[in-house]
Amino acid sequence: MDLTFSPQEIAFRDELRGWLASNQPDAEPTDGGEDAHYAWRRDWQRRLYDAGWAAPAWPAEYGGRGVSLSESAIYFEEIGRARVPMAANVLGLLLGGPTLMVWGTEEQKERYLTPILSGEEIWCQGFSEPEAGSDLASLKTKAVKDGDEWVVTGQKVWTSGAQYAKWCMLVARTDGEVAKHKGLTYFLMDMEQDAVQVRPLRQITGEAEFNELFIEEARIPDTNVVGGVGNGWKVALTTLMNERAGLGFALQIRLRQLLDDLIAVAAERGLLEDPLYADALAELHVRCESIRLLAWKGLTDVERYGQPGPEGSLVKWLWSDSNQRLTQLAIDIIGPEALTWGSNWTYEWLRARGNTIEGGTTEVLKNIVAERVLGLPRLKVAA
Amino acid sequence: MDFGLSDDQREIQRTARELLAERAKPERVREHAEAASNDDALWGELCELGWPGIAIDERFGGQGLGQIELSILCEELGRALAPVPFLPTVMAAAVIEQDGSAEQRERWLGGLASGETIGALGAAVEGTAELVIGGAQADVFVLIEPDGSARLLGREQAEVTPVASVDPTRSSASVSAPDGAGEPLGEGACAGLGRALVSASSELVGICDRALAMTVEYVKDRRQFGVPVGSYQAVSHRCAQMLLETEQARSTAAFAAWTADADPEQLAEAAAMAKACASAAGREVTAAAIQLHGGIGFTWEADLHWLYKRAQIDAALLGGAKRHRARLAGILADRAGASAAV
């Protein structure tokens, strides 16, 4: 057991810290709405890219630095600590690119990877459907072969960034005759066509981070199939595994910062002397630390043994629940001011409500832990 | 960064688990619990193997290994519910080694390392500790006051009244230092307390792990309405919750054990975190184990109550979750004050 960073990791961290200290994004736009905000993040990504910091985990041959999993985690910790925004094309960088590196043809890698890295082409993720949420493999969007093209019709939901995206990682049913996991294919769909309509989905915070996609006979060239026809479930799992690995580190740092902010407010108001608040804050502190330790343990297990332990699902579950508790406690500590529409704490509190649903609901995570970690029998459900 | 055990540590873990699976079988533990007696043969064997002195310096006859190795043994002994005075002895030894004068260390550590001397440590208020585990048989006592100051007493200096605690797998006593009997141990708040807290936390991790394993096995096997009860999500999700709490306790205890040897500046905070986490987990996980076993879990024969009872004793030992969260809140307040002053 050695819970310190290696000299190489420290050098990596210091280099990044140094760069971030002298390269801050422009001031966050205060008006212009989500479009201005997105443009600001896109501009920031371009600067990361120019300096070689857009995706250090990518292999050097694709424009990354080929850093280790630990260094990649350090990258997200430092990005979080510097309180700079996430790169605009986060789904391309964390999900799309790595998926193509595993499943893409040489031509696809050549064509798509660099514009992902620079932020020139934004990617979105077309997996969930109105009737296929946790039960993703039951999705109904259909793709039919027509010459050397596929014709796609269906509906997708919870597609973040779709209004800015050039490419969609789309999973569609190409064979309705076989078992549900087997009839799926993974496509790259061009979003710039009339057959794809994007409608914003307004969420409880008032903004529209996500969209619905209405797809009516959209056309996808056969060369945009990723990983082969009928292999979509496996390719999608690669995407989903990357989703949990990379984002986890950014999220735990964000939780730590919110907690530090809240402790500072509580201290200012003398509430750390109040045993009830002190206890609640100390409990969150313990949770925050155990999330950090579990996240690091999961990652170093992958480095050491080549496979993750149970930590991945536990970290997401514990993080989402803790973020909800923290932001709810903030309402108590800050008082009515925190319930003013438009305040930052109001936003954090409302946004946290989605944490236990997005990226695997807590209920599904508990099923995963029960079945795959503890080996409990699966509940038989009607097909 | 590496959370894995070294090959040597893994070997200690494997040997300990195998030995205890053989020598501390549930039926044997039950016999000793029923008779409220220690397993002297097992204790003798552990002493021959040098377990009590694993983390004591070689100068005093110990093995000179660290808190991580000691924590491995505490976890395994917790898992087995071994009826031996190991935890109280190593907790007392840690404080004497960290805080004692040259003379005090010379006087006591050799015997504690070999296991010939049994130690006990208790949280006292004005010289009296109400429930000291291992207390009825201990040869040397460490009493820690709320301000963290410690006193050292030989058996003949202390007033010892045996108490029957809810956990008969280890003896207990109420221990007093009448009129300032004994001698001060170190100055100010004692430094060995952090290590004692880590050892107790590690024992709780072992208890949680065993309670979870027994429960998972049971709910896979037990059938109602034609299916294993573990296939119902009301049951399986609570098992998942048990794992979550166990893993939180495990990761914070491992971190605290590591800081004890590698980064002692962080030990006080890490130990409070570990004990807060493990105390809460110990109570919750063993309670859930009884619930998920249904009626059988409430019976004397099911053995779960021994885990539940020892978890309660360990959780309360040197302060429970609330006490340690209060300590952490103090640390957070100091830190917030310091950063506000900058």
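1. How far apart do the C-alpha centres of domain 2 of chain A and domain 3 of chain A lie? They lie 30 Å apart, in a chain that is divided into domain 1 (7–118), domain 2 (123–230) and domain 3 (235–373), where the domain bounds come from an automatic or database domain assignment. Nine residues of domain 2 of chain A are in contact with nine residues of domain 3 of chain A, two residues being in contact if their C-beta atoms, placed from the backbone, lie within 7 Å. On the side of domain 2 of chain A that touches domain 3 of chain A, six residues are nonpolar, three are polar and none is charged; in these classes Ala, Val, Leu, Ile, Met, Phe, Trp, Tyr, Cys and Pro count as nonpolar, Asp, Glu, Lys and Arg as charged, and the others, Gly among them, as polar.

2. A word on the basis of this note: this is a predicted model, in which local features need pLDDT of at least 70 and side-chain atom pairs count only at pLDDT 80 or more, while totals for chains, interfaces and linings use all residues. Residues are numbered from 1 along each chain as its sequence is written, and chains are lettered from A and ligands numbered from 1 in the order in which they are written.

3. For chain B, the domain assignment gives domain 1 (7–185) and domain 2 (193–341), and the centres of these domains, taken over C-alpha atoms, are separated by 21 Å. Contact between them involves 31 residues of domain 1 of chain B and 29 residues of domain 2 of chain B. On the domain 1 side, two or more residues are given by each of α2 (26–35), α4, α5 (86–99) and β1 (119–123) of chain B, helices (H or I, at least four residues) and strands (E, at least two) being DSSP runs numbered from the N terminus. The largest share of that side, ten residues, comes from α4(B), and the side as a whole divides into 18 nonpolar, eight polar and five charged residues.

4. Helix α4 (residues 67–80) of chain B and helix α7 (residues 193–221) of chain B have axes that come within 7 Å and cross at roughly 40°; axes are lines fitted to C-alpha atoms, for helices over the stretch in contact, and angles run from 0 to 180 degrees between N-to-C directions. Among the residues that make the contact are Leu70(B) and Cys74(B) of α4(B), with Val198(B) and Ile207(B) of α7(B). By class, this contact has seven nonpolar, six polar and seven charged residues.

5. The axes of α4(B) and α8(B) come within 8 Å and cross at roughly 145°. Here Gln67(B), Ile68(B) and Ser71(B) of α4(B) meet Ala253(B), Ala257(B), Trp258(B), Ala260(B) and Asp261(B) of α8(B), a set that divides into five nonpolar residues, two polar and one charged.

6. Between the chains, the contact takes 40 residues from chain B and 39 residues from chain A. At least two residues of the chain B side are supplied by each of α7, α8 (233–262), α9 (267–292) and α11 (321–341) of chain B, with the largest share, 14 residues, coming from α8(B). That side has 25 nonpolar, ten polar and five charged residues.

7. Chain B has an open sheet of four strands in the order β1-β3-β4-β7, with mixed pairing, where two strands pair if DSSP finds at least two bridges between them. Its edge strands are β1 and β7 (183–185) of chain B, and the twist averages 30° from one strand to the next. β1(B) pairs with strand β3 (residues 140–144) of chain B in the parallel sense over five bridges, and Leu121(B) has Val142(B) as its bridge partner in β3(B). On this sheet packs α5(B), which touches β1, β3, β4 (150–154) and β7 of chain B and whose direction makes about 80° with that of β1(B).

8. An open sheet of three strands, with antiparallel pairing, has the order β2-β6-β5 in chain B. Its edge strands are β2 (128–133) and β5 (159–163) of chain B, and its neighbouring strands are turned by 25° against each other on average, direction ignored. Four bridges join β2(B) to the antiparallel strand β6 (residues 172–176) of chain B, where Ser176(B) is the bridge partner of Thr128(B).
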